[in-house]
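Student: I would like to go through the terms used for this model and see what each one rests on.
Tutor: Then let us take the terms one at a time.

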Amino acid sequence: METRAVTVDVSPAPWTGRFDGDGVAHRRWWQAVTPHTPAAASTASRPAVVLGFCSDAGVRRNKGRTGAAAAPAAIRSVLGPLAYHLERDVFDAGDVVVEGDSLEAGQERAGHAISGLLDAGNLTVVLGGGHETAFASYLGVAGSDVVQGKRLGVLNLDAHFDLRDEPTPSSGTPFLQMARAEAAAGRELQYAVVGISEPNNTRTLFETAQRLGVKYLLDEQCSPEAVEVFVADFLAGVDVLYLTIDLDVMPASVAPGVSAPAAYGVPLPVISAVCRQVAASGKLLHVDVAELNPEFDVDSRTAKVAARLVNTLLG
């Protein structure tokens with residue numbers, strides 16, 4: 001498999017975790033994950049590459065609680081000790097870092113890195129970052145050769161539409177940015193959301209969603225059966241899928257360490273089932289996890305949920 005160079009701001013650091021032995025039977029994530037290099041290759045099933053997007057510039061612009069820039073390191077730290085049962089190789093490409101308010105430049109850099117990793121045949125996993133991470137992901141997915149001529153679907157697990165019409169991009173605007181970019185390319189954004197909180201989305205946002213043909217389930221509608229059918233219907237209409245998980249989709253008791261904790265939320269077992277469903281579909285191309293804010297986390301509870309979901313998606 002040919003792999004071209006991927007440029008990042010910070011090279012991958014060694015992962016850490018509990019040591020039980022060197023054999024495969026004792027292996028944990030920190031022992032399995034290796035740095036991604038241009039020569040990195042896999043003899044197993046499709047390899048996955050982790051990329052950090054250290055940004056809370058979009059959250060700051062959206063007047064949220066900042067701190068998400070520290071999330072990639074926090075997720076790696078709790079992923080590291082987990083037992084490794086995957087049948088694929090996982091590489092770490094390092095981090096793209098947004099300094100100050102240079103969000104757009106950071107999104108472009110991350111997008112180029114993601115495109116290169118996808119074109120080399122990898123499943124890409126981005127650890128955000130605020131949900132401005134989503135537009136960086138979109139730039140990478142849309143710029144990849146592997147989506148050309150295919151129907152791309154964007155599935156968002158989120159309490160919010162993030163369709164704000166603002167003069168300055170933020171963590172609240174990425175999916176409207178995607179819709180406009182797709183329209184400029186002569187396509188229509190295939191966008192679906194699981195977990196929308198009606199009290200936390202204005203009437204304007206619902207009207208924007210209706211105008212754009214966005215499919216969604218309200219948080220109170222998210223029974224396991226309803227979500228399974230909703231996701232299956234969406235998957236049936238696309239060839240490849242970009243899955244984005246905003247951790248505030250889950251209840252604050254499960255995910256307290258986010259910018260906007262949910263009063264209601266979608267239960268973790270339902271979110272985990274979606275991850276298994278999309279992984280089993282064979283259509284998953286790219287995934288990101290956004291909005292972890294370690295500063296407000298409790299006992300790394302939210303980080304551990306993020307790590308568990310990544311583990312499920314790659315399993």
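Student: Which residues of α6 are buried?
Tutor: Pro174, Phe175, Leu176, Gln177, Met178, Ala179 and Glu182 are the buried residues of α6. Buried means under 20% relative accessible area, exposed over 50%, and partly exposed in between, with a 1.4 Å probe and protein chains only. This is a predicted model, in which local features need pLDDT of at least 70 and side-chain atom pairs count only at pLDDT 80 or more, while totals for chains, interfaces and linings use all residues. Residues are numbered from 1 along each chain as its sequence is written, and side-chain values use heavy atoms, with hydrogens and water left out.

Student: What makes Phe175 count as buried?
Tutor: Phe175 has 0% relative accessibility, so it counts as buried.

Student: What covers the buried residues of α6?
Tutor: The cover includes α5 (133–142), β5, β6, α7 and β8 (240–246).

Student: Why is the pair of Phe175 and Tyr191 called stacked?
Tutor: Rings of Phe, Tyr and Trp (its six-membered ring) pair if their centres lie within 6.5 Å; planes under 30 degrees apart count as stacked, over 60 as edge-to-face and the rest as tilted. The ring centres of Phe175 and Tyr191 are 4.5 Å apart and the planes stand at 5°, so the pair is stacked. Phe175 belongs to helix α6 and Tyr191 to strand β6 (residues 190–196), so the pair ties together parts 16 residues apart in sequence. Tyr191 counts as buried because its relative accessibility is 2%.

Student: How many aromatic pairs does the structure hold, and what makes the pair of Phe161 and Phe206 edge-to-face?
Tutor: There are eight aromatic pairs. For Phe161 and Phe206 the distance is 5.1 Å centre to centre, with 85° between the planes, hence edge-to-face. Phe161 sits in the loop between β5 (152–157) and α6 (174–184) and Phe206 in helix α7 (residues 203–211), so this pair ties together parts 45 residues apart in sequence. Both Phe161 and Phe206 are buried.

Student: Why is α8 called roughly parallel to α9?
Tutor: Helix α8 (residues 224–236) and helix α9 (residues 268–281) pack at about 30°, with axes 10 Å apart. Angles under 35 degrees count as roughly parallel, over 145 as roughly antiparallel, 65 to 115 as roughly perpendicular and the rest as oblique. That angle therefore makes α8 roughly parallel to α9.

Terms used: Axes are lines fitted to C-alpha atoms, for helices over the stretch in contact, and angles run from 0 to 180 degrees between N-to-C directions. Helices (H or I, at least four residues) and strands (E, at least two) are DSSP runs, numbered from the N terminus. Contact means heavy atoms within 4.5 Å.
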